[in-house]
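Here is a short report on one protein model. Look at the sequence and the structure first, then read on.

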Amino acid sequence: RCHVSNCFIRTYDDSICVKGLDETYQGAVSFSGDIIAENCVIWNDWGKCLEIGAETKADDMSHIVFRNCDLIHLTGPVLDIFNVDHADIHDVTYENINVEYAKAYQKSQIQKNDDDVFDSTCVPGFLPTLMSASIVKHPEYSYGREKRGKIHDITFRNISVTAPTMPPSHFFGYDEAHQARDITIADLFLNGNKITSLEEARISVGSFCENITLR
């Protein structure tokens, strides 16, 4: 039970990020639920703005709400559910979110050694992902564990985007038993104009997805 509100948050890495961890604190295994983040202004210099994951080592991560937030600077995926462990992630709402994209972006880069030189060239047509929900086995964050989770009953409502063009979004599951399903996008706008189809929204629906709808 956590309530974050009325904050200006500037971060290098994920800004507001809900995680499920299996470390114990005073004998209790951690879990995530009944979480609200609202009325915040986000400036993100690296990573994701409003995220669930990547660590999702909790049986249930649910009843999570992000609402009434202005995302005024971003560099990576914006509204993201990244399930790399075994959590059942459900009943999540992103609503009344304003997202401001820049006119051009450099792709994020990680320096791996002292000889790496930063490439400051802007990539034509590149825009960070707007919405995503994915179930994966990640080579780093899954810690080699084989158990996968689920994503379902997710709502993106009244998402207003200011951008040169519509940024991409994507959804995909892991296998038939671990799907991303029942995801609703309601009232998606680009520069004040309502988006009316998945194609116009640039939403990619990958494998093991069911009932992804835009209205």
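Asp-60 counts as partly exposed, because its relative accessibility is 31%. This is a predicted model. Asp-60 lies in strand S9, which covers residues 60-73. On the surface, Asp-60 belongs to a patch of negative charge. Asp-59, Asp-91 and Asp-153 gather there with Asp-60.

Next, the cysteines. How many disulfides does a search of the whole structure find? The search finds 0. A disulfide is a covalent bond between the sulfur atoms of two cysteines. For Cys-7, the closest cysteine sulfur is in Cys-40, 4.6 Å away, so the two sulfurs are too far apart for a bond. The cut-off for a disulfide is a pair of sulfur atoms within 2.5 Å.

Is Cys-40 buried or exposed? Cys-40 is buried, because its relative accessibility is 1%. Cys-7 is partly exposed, with a relative accessible area of 29%.

Now for Lys-19. This residue sits in strand S3, residues 16-20. Lys-19 is partly exposed, at 34% relative accessibility. Which residue is 33 positions from Lys-19 in sequence, but 6.1 Å from it in space? That residue is Ile-52, with the distance taken from C-alpha to C-alpha.

The table sets out the accessibility values.

| Residue | Relative accessibility | Class |
|---|---|---|
| Asp-60 | 31% | partly exposed |
| Cys-7 | 29% | partly exposed |
| Cys-40 | 1% | buried |
| Lys-19 | 34% | partly exposed |

Technical notes:
Residues numbered from 1 in each chain as written. Predicted model: local features only at pLDDT ≥ 70, side-chain atom pairs only at ≥ 80, totals over all residues. Heavy atoms only, no water. Patch = residues over 30% accessible without salt bridge, like charges linked within 9 Å, V, L, I, M, F, W, Y side chains within 5 Å. Areas by Shrake-Rupley, 256 points an atom, 1.4 Å probe, with all protein chains shown as cover. Salt bridge = Lys/Arg side-chain N within 4 Å of Asp/Glu carboxyl O. Lys, Arg positive; Asp, Glu negative; His and termini not counted. Charge placed at Lys NZ, Arg CZ, Asp CG, Glu CD. Helix = DSSP H or I, 4+ residues; strand = E, 2+ residues; numbered from the N terminus. Buried < 20%, exposed > 50% of the residue type's maximum accessible area, 1.4 Å probe, protein only.
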